[in-house]
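Subject: Structure handover, pockets and ligands

Hello,

Here is the structure for your files, followed by notes on what was found in it. Please read the notes with the model open.

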Amino acid sequence: MGTVIDAANKEANGSVPTNKNVTVVFVLGGPGSGKGTQCANIVQHFGYTHLSAGDLLRAEIKSGSENGTMIQNMIKEGKIVPSEVTIKLLQQAMQESGNDKFLIDGFPRNEENRAAFESVTGIVPEFVLFFDCSAEEMENRLLNRNQGREDDNIETIRKRFKVYMESSLPVIEYYDSKGKVRKIDAAKPIEEVFEAVKAVFTPSIDKVAA
Ligand SMILES: Nc1ncnc2c1ncn2[C@@H]1O[C@H](COP(=O)(O)OP(=O)(O)OP(=O)(O)O)[C@@H](O)[C@H]1O
Ligand SMILES: Nc1ccn([C@@H]2O[C@H](COP(=O)(O)O)[C@@H](O)[C@H]2O)c(=O)n1
Ligand SMILES: [Mg+2]
């Protein structure tokens, strides 16, 4: 289970209710590595709620929120939105879900995201699922995604890759140093990637019995 720190204090500050244990798995990897695709599979098999930070930010733009224009500009530039905005959206979504098991996809994206989430919610991830994929393969996937995303153009993609290398990879390295990273070869076909993902989520005792 994810570690819950100072439960009463966190609840008083209006964050995630921590009177129950909450399991969080961070799902990280470069843009287009397949985080969203695999999270959809994990939800079906393992009962997690999938929260994509990018999807929550895009929904916030659509809702007409006062932060909408700022978020839209940051996404167009491939920049990372201030942690307080993203964490608030994640907390709201966690509360509304009624679940206690979360895949948090695309977060934390930098050291500020990581430290702020831990200090505001008191939640430490169970582990980090890391989708490892070459930039060439990720670029091809993004240019062919066809979901109308404003950041799936070559200029923004290059900026997103730079932010990933400079700000997001160090977060993965941080968790690796804590023994929390489960690395998946994400360059393989979707079904093969999911086989590797399943092995991570299946408790060892079940693997022996299978
Ligand atoms: N293993 C795979 N092989 C080939 N194509 C894939 C694979 N996984 C995902 N895709 C495709 O690549 C595109 C990007 O996948 P997805 O949206 O899951 O990536 P992501 O990591 O969530 O990206 P982003 O960080 O931009 O949200 C989609 O069109 C998806 O169908
Ligand atoms: N923690 C995060 C996550 C995302 N963003 C912004 O959203 C963009 C799209 O994210 P995806 O995960 O859907 O690719 C990303 O490039 C950032 O601009 C963020 O600021 N913080
Ligand atoms: Mg995604």
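The lining of the second largest pocket has, by class, three nonpolar, three polar and six charged residues. In this count Ala, Val, Leu, Ile, Met, Phe, Trp, Tyr, Cys and Pro are nonpolar, Asp, Glu, Lys and Arg are charged, and the others, Gly among them, are polar. A pocket is an open set of points on a 1 Å grid over the protein atoms alone, where a 1.4 Å probe fits, with protein on both sides within 12 Å along at least five of seven lines; lining residues have an atom within 4 Å of a point.

This is a predicted model: local features need pLDDT of at least 70, side-chain atom pairs count only at pLDDT 80 or more, and totals for chains, interfaces and linings use all residues. Residues are numbered from 1 along each chain as its sequence is written, chains are lettered from A and ligands numbered from 1 in the order in which they are written, and side-chain values use heavy atoms, with hydrogens and water left out.

Second largest pocket

This pocket holds about 220 Å³ of space, a volume being the space filled by probe spheres set on the grid points, which are joined across faces, edges and corners. Its lining includes Arg 58, Lys 62, Gln 72, Lys 76, Arg 149, Glu 150 and Asp 151. H3 and H4 each supply at least two of the lining residues, and the largest share, four residues, comes from H3. Helices (H or I, at least four residues) and strands (E, at least two) are DSSP runs, numbered from the N terminus.

Largest pocket

The largest pocket contains about 950 Å³ of space. Its lining has 41 residues, and those closest to the pocket centre are Gly 32, Lys 35, Arg 145, Arg 149 and Arg 160. H3 gives the most to this lining, with five residues. The lining divides into 14 nonpolar, 15 polar and 12 charged residues.

Ligand 1

Ligand 1 takes up the space of the largest pocket; a molecule sits in a pocket if more than half of its atoms lie within 2 Å of the pocket's grid points. There are 18 residues around ligand 1, and Lys 35, Thr 37, Arg 145, Arg 160 and Lys 188 come nearest. A residue counts as near if one of its heavy atoms lies within 4 Å of the molecule.

Polar contacts are pairs of N or O atoms within 3.5 Å. A polar side-chain atom of Arg 145 is 2.8 Å from an oxygen atom of ligand 1, and for a side-chain N or O atom of Arg 149 the distance to a ligand 1 oxygen is 3.1 Å. Of the 630 Å² of accessible area that ligand 1 has on its own, the protein covers 80%; accessible areas come from the Shrake-Rupley method with a 1.4 Å probe. H2 gives the most to the shell around ligand 1, with three residues.

Ligand 2

Ligand 2 also sits in the largest pocket. Its shell has 16 residues, of which Arg 58, Lys 79, Val 81, Arg 109 and Arg 149 come nearest. Oxygen atoms of ligand 2 lie 2.6 Å from a polar backbone atom of Lys 79 and 2.6 Å from a backbone N or O atom of Val 81. A polar side-chain atom of Arg 109 is 3.1 Å from an oxygen atom of ligand 2. The protein covers 96% of the 450 Å² of accessible area that ligand 2 has on its own. By class, the shell has seven nonpolar, three polar and six charged residues.

Regards

Terms used: Polar contact = N/O pair within 3.5 Å; in protein donor to acceptor, adjacent residues only side chain to side chain.
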